[in-house]
Amino acid sequence: MVFNKAKCRKYLFRILVNVLLALGAVVVLLPFVWMLSLSVKPENEIYEAAIHFLPTEWDFENYVEAFEFGEVGTFVKNGLFVTLSILAIQICTVVPAAYVLARKHFKLEGLAFGLVLTGLIVPQQAVVIPLVLAISKLGLLNSFPALVLPFMTSALGIFLLRQSFKAVPQELIDAARVDGASEPYILWFILVPLVKPALAAFAVFSIVSHWNDFFWPLLVVNDLSLATPPLGISIFASDEGGNDVGPMMASATIIVAPLLLAFLCARRWFIQGITLSGLK
């Protein structure tokens, strides 16, 4: 009888946890569902007082206007170019830096790692003025390099991969050296495949962060043809707060879709990478 009571309590606890998780999921997903609903509603239904998720009349003109008037296709292409360029450069700088901090011992090792931790603490806004001045002095304002160059490395990426590199057995590296493997070969062809989950987790962080970045593009870009998705979507906002709600929601849906697909494709590696790296 005691066993049955314990078992019932266990099941009730699991049910409670699942209900709470389901409620949390509803709270998180509700704005996205409402965004998708508004994107397929005609204008007269958008401003109705009554709330209903399914439109009485489906209207896809909002998506047509998003592409024709809002040029959302250009914004998506710019976003893909900027985010993937940043990610490629960051991988080339973050991986060697993390390997050195994880496997090499030198006098300034503690100072170097402390600077990495400082980079995690200091917000981007604190250094934005010298960055803008530097970009201006180089004559790079209103260009793609202005959107990419300030993010050539990542303190989060260095920290994340350092933790993963430290978990790799030293014996594996020593065996590769005995076989005559060079340091670049050991790093890129032996260690990097072993830390793919952490690399995927960092890639998700990097892509989401720079795809959604509105603050930095707003400072260095004023040409609409160079605008990234968050900056480009702001053209639908009027002085009164935004009258073109339908096209704005259609553009937002198109912009969110690549992030959703990227996360769904990398979710297993993302969770595994966060777990193995010890990031809380």
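**Figure 1. Order of elements along the chain.** Along the principal axes, the C-alpha atoms take up a box of roughly 80 × 70 × 35 Å.

**Figure 2. Confidence along the chain.** The mean pLDDT of the protein chain is 85, and 90% of the residues reach at least 70. Helix H7, residues 144-148, has the highest confidence, at a mean of 95. The lowest belongs to helix H14, residues 245-277, with a mean of 74. Where pLDDT is low, predicted coordinates should not be read in detail.

**Figure 3. Packing of helix H5 on helix H8.** Helix H5 covers residues 109-121 and helix H8 covers residues 155-166. Their axes lie 8 Å apart and the packing angle is about 125°. That angle makes H5 oblique to H8. The two helices cross in a left-handed sense. On the H5 side the contact consists of Phe113, Val116, Leu117, Gly119 and Leu120. These meet Ala155, Leu156, Ile158, Phe159 and Arg162 of H8. Sorted by class, the contact of H5 with H8 has eight nonpolar residues, one polar and one charged.

**Figure 4. Packing of helix H4 on helix H8.** Helix H4, residues 72-103, also packs with H8, here at an angle of about 50° and with the axes 8 Å apart. H4 and H8 are therefore oblique to each other. Their crossing is right-handed, whereas that of H5 and H8 is left-handed. H4 contributes Val94, Val95, Ala97, Ala98, Tyr99, Leu101, Ala102 and Arg103 to the contact. From H8 come Gly157, Ile158, Leu161, Arg162, Phe165 and Lys166. Ten residues of the contact of H4 with H8 are nonpolar, one is polar and three are charged. Ile158 and Arg162 of H8 take part in this contact and also in the one with H5.

**Figure 5. Packing of helix H9 on helix H10.** Helix H9 spans residues 170-178 and helix H10 spans residues 183-194. Their axes come within 11 Å and cross at roughly 140°. H9 and H10 are therefore oblique to each other, and their crossing is right-handed. Leu172, Ile173, Ala176 and Arg177 form the H9 side of the contact. The H10 side is formed by Glu183, Ile186, Ile190, Leu191 and Leu194. The contact of H9 with H10 divides into seven nonpolar residues, no polar ones and two charged.

Terms used. Residues are numbered from 1 along each chain as its sequence is written. This is a predicted model: local features need pLDDT of at least 70, side-chain atom pairs count only at pLDDT 80 or more; totals for chains, interfaces and linings use all residues. Side-chain values use heavy atoms; hydrogens and water are left out. pLDDT is the predictor's confidence in each residue, from 0 to 100. Helices (H or I, at least four residues) and strands (E, at least two) are DSSP runs, numbered from the N terminus. Axes are lines fitted to C-alpha atoms, for helices over the stretch in contact, and angles run from 0 to 180 degrees between N-to-C directions. Angles under 35 degrees count as roughly parallel, over 145 as roughly antiparallel, 65 to 115 as roughly perpendicular and the rest as oblique. A crossing is left-handed if the near helix is turned anticlockwise from the far one by less than a right angle, and right-handed if clockwise. Contact means heavy atoms within 4.5 Å. Ala, Val, Leu, Ile, Met, Phe, Trp, Tyr, Cys and Pro count as nonpolar, Asp, Glu, Lys and Arg as charged, and the others, Gly among them, as polar.
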